[in-house]
Amino acid sequence: LAFRDSVAHIHLKEGQNPGKPIMLVNAVTPDGGAVKGEGDSDDKGVASHPRCVVVADERSNLSFVQSSVDLDTGAAVQPKLYNGYTQVFVKEDANVTHSYIDESGGMPTPGVELKEKDLEEGAPLPRTVEANRPELKDSHLEAVDVHLVGERALYDGVIMSIGGSGRVRISHYVSLLKPEATAKVNGFSLSGGAQVTECKTNIHHIAQATNSEQLQKNMVGGRATGSFRGRIRVEQSAQQTDSQQLSRSVLLNDVCKTWTVPSLEIIADDVVCTHGATVSDLSEEELFYLRSRGLDQSAARNMLMYAFAGEACAEIDKTILGETGSKKGLQARLLRRLDNVVPEGDRALQGEFQSV
């Protein structure tokens with residue numbers, strides 16, 4: 001691992017296997033590390049542009065984790081633009097496992113879906129509290145470009161967006177440039193409060209006999225808006241391609257929104273390709289079953305929410321997830337964030353809905 005002109009550079013030589021995951025942490029302070037000049041106001045914005053380049057040479061094996069977290073230094077909060085860019089090059093017979101986890105931007109305000117009539121007299125309106133949350137002015141942007149440039153190259157990537165920045169946009173591009181290259185792309189996005197989150201993926205099959213598998217899960221609560229746009233393109237040269245894509249979204253209440261746009265473009269004629277998308281709420285039947293076993297409404301909802309997220313989280317390196325039941329590790333932090341967006345009260349629209 002080396003840093004050259006503010007670029008993190010990870011280069012595995014031929015046949016190298018570190019044995020343990022390499023972790024790169026971007027710590028975001030309240031003021032973004034800005035140096036305040038004379039006469040500068042506290043609401044003056046600051047931008048950061050972290051960059052990372054990963055190269056895995058022939059027959060190397062790498063587990064790589066990127067994490068963006070908050071670091072409380074007690075400084076005054078300023079609006080921040082985080083604009084990251086990551087490039088990954090995987091050569092012949094190399095294997096790269098990559099996890100990108102965004103936990104920056106604080107925690108969205110719970111209960112913003114509630115109306116004034118649902119609150120106790122004199123209680124602050126959660127929508128107003130969320131509107132004044134400083135991190136709502138933050139933007140978190142990340143582009144991840146992956147290029148499989150060797151035969152039988154393997155890339156297994158997970159993008160997890162569970163932070164609280166007001167605007168989040170993550171783009172994940174994977175190109176399969178050599179025969180028998182394989183890519184597995186999973187993602188989980190959690191939106192709450194008044195957030196606007198976007199996830200865009202592009203899987204490009206160029207060489208013959210390449211394979212890709214994608215699972216994207218989105219959970220939207222509060223008064224947030226979430227969107228997913230997933231594109232797979234199979235060129236004429238990519239005969240005998242096998243590509244699968246599935247997107248599943250859950251809306252936790254009546255006032256949050258989601259857009260899901262899967263796209264499949266096939267130029268070749270000898271391929272096996274599928275794609276699909278579902279949008280649903282938490283299952284009333286499953287909630288009833290859990291409540292009949294003694295769980296209250298909030299606990300039952302939280303259990304279903306974690307089960308929904310668990311499939312995507314399972315692909316992350318075990319040393320990062322932490323032990324089951326532990327108060328440390330990513331699992332524990334994810335549970336706290338899920339608990340923060342558990343819907344309160346009953347939906348105005350009763351009955352179960354689902355798009356299949």
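Mentor: Before we start, contact here means heavy atoms within 4.5 Å. Keep in mind, too, that this is a predicted model.

Trainee: Got it. Which residues of α5 do N302, M305, Y306, A309 and C313 in α3 meet?

Mentor: Helix α5 covers residues 330–340, so look for the partners there, using heavy atoms within 4.5 Å as the test. The α5 side of that contact is Q331, L334, L335, L338 and D339.

Trainee: And how do the residues of the contact of α3 with α5 divide?

Mentor: Ala, Leu, Met, Tyr and Cys are among the types that count as nonpolar, while Asp counts as charged. Sorted that way, the contact of α3 with α5 has seven nonpolar residues, two polar and one charged.

Trainee: What about α2 and α3, at what angle do they pack?

Mentor: Helix α2 is residues 284–292 and helix α3 is residues 297–313, with axes 9 Å apart. Their crossing is right-handed. The angle is about 125 degrees.

Trainee: Which residues of α3 make the contact with α2?

Mentor: On the α2 side you'll find E286, L287, L290 and R291. Facing them in α3 are Q297, A300, R301, M303 and L304.

Trainee: Last one: the ring of which residue lies under the charged end of K217?

Mentor: The cut-off for the distance to the ring centre is 6 Å. K217's charged end is 4.8 Å from the centre, over the ring of F308.

Key:
Residues numbered from 1 in each chain as written. Predicted model: local features only at pLDDT ≥ 70, side-chain atom pairs only at ≥ 80, totals over all residues. Heavy atoms only, no water. Lys NZ or Arg CZ within 6 Å of the ring centre and 35° of its normal. Axes fitted to C-alpha atoms, helices over the stretch in contact; angles between N-to-C directions. Helix = DSSP H or I, 4+ residues; strand = E, 2+ residues; numbered from the N terminus. Left-handed = near helix turned anticlockwise from the far one by under 90°.
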